[in-house]
Amino acid sequence: MPNHKLTIYQLLPRLFGNKNTTNKFYGSVEENGTGKLNDITDKALAEIQAMGFSHVWYTGVIEHATMTDYSAFGIKPDDPDVVKGRAGSPYAIKDYYDIATDLAVDPEFRISEFKELVGRTHKSGMKVIIDFVPNHVARTYASDVKPDGVRDFGEDDDNTLHFAPDNDFYYIPGQPFIVPGGYNPGGDEFTSPLKDGKFDEFPAKATGNDVFNPAPSINDWFETIKLNYGVYYLDGKKAYFDHIPPLWHKMLHILTYWAQMGVDGFRCDMIEMVPVAFWAWLIPQLKTSFPGIVFIGEAYDKNQYHNYIHNGHFDYLYDKVGLYEAIRRLTCAEPGASTWEINAVWNNHCQGIDQHMLRFMENHDEQRIAGKDFAHDAAYAIPGMIVSATLATGPVMIYSGQEVGEPAVGACGFSGDDSRTTIFDYWGVPEHQKWMNNGAFDGGGLSLQQKELRGFYSKLLNITKDNEAFTTGQFYELMIANEHQPGFDTMLYIYMRYTAGQKILVIANFNRTQRNLTIKIPVELLTQIGLTGGANFTDMLTGATFTVNDVAAGIPVTVAGSSGLLLNL
């Protein structure tokens, strides 16, 4: 059986290595600083690897539109009226073949610095994932480092037509693009001759979130242009696939370019906005050329999960609309929250594909667990992370700063005070900076509680990736067997993960207070795993041990509030 238990650490280099603590609202790169690729040192990578990670997802490394002027390096400035934040959105790609200039110590050698980071990551024993943003590009897209012979997006388009199968973009002929009203790019202090509420785009192109008119709203992805995969959205999403659209070949060339550079996988943005037929054509070709390359899809329509895995050939999909949402409700102790919601996830839309679902409690789009809009306390995540990591054989991911309880306090500029760490602004991440400790990466500034939290994550992730019960084992839920046991409630989740050589009983307690109960193991399961008589148990998280004389009579356990047990038989 293949091992799907990837353990992924997501980080934005711009944030990860930034030692500047100024954090001025709408601050410039000179004021607030930025991390560099070279800040992700051998020591930093060794610490990440020791924490239990197999992959690092470097978010925002490809060049994207920004308000920072790099014209001194031959890079055309972006119009701030179509840039979100002083740093700019990592998902408004300006050049698919280039590295973000912000991230380079020497901008002229930015691609070489990325190659060196890939080498350091591989040397540390981990693999590299980067973003692939297939649905849209920045309004200012223009590649200045594309390989010889590559035709840029839109270079051969007929812009007199709303739609043509061979066009790269969708157009609104005869009408200019209109910048949304009410946007103050860069804040009050930011000045630029280009900051005039206008952007020269004629004819207007369709906006990234399927807005097919020249005047998107301020709430739209107005800084992006939607790419055309041969689907005419204004004609009932009619597909024109009688021949492969030119854009498909361009995207294959781009991914081949990065794979040849040593990238081991791609986290693909908003895959449901791109036809499944494209993925079905693209992914097998990449896998033929680069065996072992991984494709992770950001997906939210649970009714399409099977389609994107079986027909689209994705290795893994986000399980946001499923396990994440169920665990979030439990973590926040929301009224009516129940661990039967976890049962519904694996028993319904994830049935048969659980090993293909990527589980997480934070990423760059989501609120921080420790934030005021989530759980307020990072420790409340412990039972949810136990379930996220051990429920299935599929991958688990955490977001840089999660392991030390970063709460994302305050507004940053374009990013408001919403418990999310900004991806748009130049910023330092205060709790992460305590672990970074001015580049020592030794946790020197962390509190005792933060060290304990990080220790929990490290213990859990290493257990998860190093034990066959979690990497390839089977799953048996114990909720029905225990729902009438004294002390049981639906803020507890109980299951067994097992192989022929290993049996681990998992108990997650989402209650904020201690629970005591005797866990019943059904005869069917006892027979299946060949367990009779007494047994010795070790909690893999703490090392505590105890003995039960007759497992069939039940296993008495005490589980602290917002905690869990991994009992190895």
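Visitor: Is Asn-23 buried or exposed, and what is its relative accessible area?

Guide: In this predicted model, Asn-23 is buried, with a relative accessible area of 18%, and the cut-off for that label is under 20%. Asn-23 is placed in the loop between α1 (13-16) and α2 (29-32).

Visitor: Which residues does the cis peptide bond join?

Guide: Here the general idea is that most peptide bonds are trans. The cis bond in question joins Phe-202 and Pro-203, with omega at about -10°, and Pro-203 belongs to the loop between β7 (171-172) and β8 (204-205).

Visitor: How many strands make up the closed barrel, and in what order do they run?

Guide: The closed barrel has 8 strands with parallel pairing, and the order to follow around it is β1-β2-β5-β12-β13-β14-β15-β16. From one strand to the next, the twist averages 30°. To look at one pairing in detail, take strand β15 (residues 357-360) and strand β16 (residues 396-399), which run parallel and are joined by 2 bridges; Phe-360 has Met-397 in β16 as its bridge partner.

Visitor: Which strands does helix α10 touch, and how many of its residues are buried?

Guide: Helix α10 (residues 382-390) packs on the sheet and touches β15 and β16, its direction making about 140° with that of β16. In α10, 9 of the 9 residues are buried, so the helix is largely enclosed by the rest of the structure; among them are Ile-382, Pro-383, Met-385 and Thr-390.

Visitor: Glu-113 is buried, so which side chain of opposite charge is nearest, and how far away is it?

Guide: Glu-113, in helix α4 (residues 110-123), has no salt bridge, and the nearest side chain of opposite charge, that of Lys-36, is 7.4 Å away. A polar atom of the Glu-113 side chain does, however, lie 2.9 Å from the backbone nitrogen of Asp-106. Leaving aside residues up to four places away in sequence, Glu-113 touches Leu-37, Asn-38, Leu-103, Ala-104, Val-105 and Asp-106.

Key:
Residues numbered from 1 in each chain as written. Predicted model: local features only at pLDDT ≥ 70, side-chain atom pairs only at ≥ 80, totals over all residues. Heavy atoms only, no water. Helix = DSSP H or I, 4+ residues; strand = E, 2+ residues; numbered from the N terminus. Buried < 20%, exposed > 50% of the residue type's maximum accessible area, 1.4 Å probe, protein only. Lys, Arg positive; Asp, Glu negative; His and termini not counted. Salt bridge = Lys/Arg side-chain N within 4 Å of Asp/Glu carboxyl O. Polar contact = N/O pair within 3.5 Å; in protein donor to acceptor, adjacent residues only side chain to side chain. Contact = heavy atoms within 4.5 Å. Pairing = 2+ DSSP bridges. Axes fitted to C-alpha atoms, helices over the stretch in contact; angles between N-to-C directions.
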